[in-house]
Amino acid sequence: MPKDEELPVLVGQAGPLKGLRFPVNGAVVLGREPGCEVVISSRQVSRYHARLTTSTEGIILEDLGSKNGTHYNGNPLSSPVVLKDGDLFQIALVQEFMFLSSDATMPLTEPLVQQGMLMLDMRSRRVWVNNQQLVPPLSALQFHMLWVLYEKQGQVVSRQDLVSAVWGDEQSAGVSDQALDALIRRLRDRISALDSRHPYIVTVRGHGLRLDNPPTK
């Protein structure tokens with residue numbers, strides 16, 4: 001049997017299960033019923049609300065005909081979907097989970113080392129700007145882009161390298177300049193909401209982008 005750290009894992013985000021981790025091994029039912037693998041004690045959650053199933057394609061998320069629905073990356077879930085690393089889904093808008101393909105692939109962050117005014121925690125996908133946590137969390141695409149820049153602080157990352165890192169090599173060919181610009185704009189807006197005095201994500205014309213992370217005061 002695989003060890004827990006080798007299994008995919010759900011990480012509780014906003015909600016009553018915030019901070020808890022649930023390995024995904026076989027079928028995992030989420031709901032209000034005490035017999036569920038993941039129990040969410042809220043009347044807004046159906047007794048058997050949603051299910052994760054292990055398949056040859058990966059981990060499949062499906063809603064079980066719940067009353068208040070399941071949201072996947074911010075959109076209502078209407079049909080089963082294969083989860084990708086960093087995806088977010090919400091149960092009846094009561095509990096949010098992040099899906100990680102393997103606990104073992106995530107770097108340890110205990111304790112967090114503050115390297116500048118902007119900090120990231122890869123394990124929990126949390127972001128702090130000017131000592132304030134970004135709430136709600138960034139989308140999966142926004143976080144991936146910020147993480148690429150964060151790992152190479154001060155270095156210029158080309159637009160093509162960003163697209164390949166964020167969308168993956170297979171999908172990158174279909175990503176337009178407009179889609180990349182829109183993602184950059186949304187990410188900048190989220191950061192500037194907490195600290196508008198510093199640009200953080202700097203465009204180097206003709207080359208790409210770099211993260212300018214000022215030291216803490």
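The secondary structure of this protein, a predicted model, comes to four helices and 16 strands. Helices here are DSSP runs of H or I with at least four residues, strands are runs of E with at least two, and both are numbered from the N terminus.

Residues are numbered from 1 along each chain as its sequence is written. Local features need pLDDT of at least 70 and side-chain atom pairs pLDDT 80 or more, while totals for chains, interfaces and linings use all residues; side-chain values use heavy atoms, without hydrogens and water.

The table gives values for the whole protein.

| Property | Value |
|---|---|
| Buried share of the 217 residues (buried: under 20% relative accessible area, 1.4 Å probe, protein chains only) | 45% |
| Share of contacts (heavy atoms within 4.5 Å) between residues at least 6 apart in sequence that join residues at least 24 apart | 44% |

Helix 2 spans residues 159-167, and its buried residues are L162, V163, V166 and W167. These residues lie on the same side of helix 2 because they cover an arc of only 100° around the axis, taken from the directions from the helix axis to the C-beta atoms. Just after helix 2, G168 takes a positive phi of about 90°.

Q95 belongs to strand 11, residues 95-100. Q95 is buried, its relative accessible area being 0%. A polar atom of the Q95 side chain lies 2.7 Å from the backbone nitrogen of L17. Leaving aside residues up to four places away in sequence, Q95 touches several residues, among them G12, Q13, P16, L17, I40 and F89.

Technical notes: Buried means under 20% relative accessible area, exposed over 50%, partly exposed in between (1.4 Å probe, protein chains only). A polar contact is a pair of N or O atoms within 3.5 Å; within protein, one must be able to donate a hydrogen and the other to accept it, and residues adjacent in sequence count only if both atoms are side-chain atoms.
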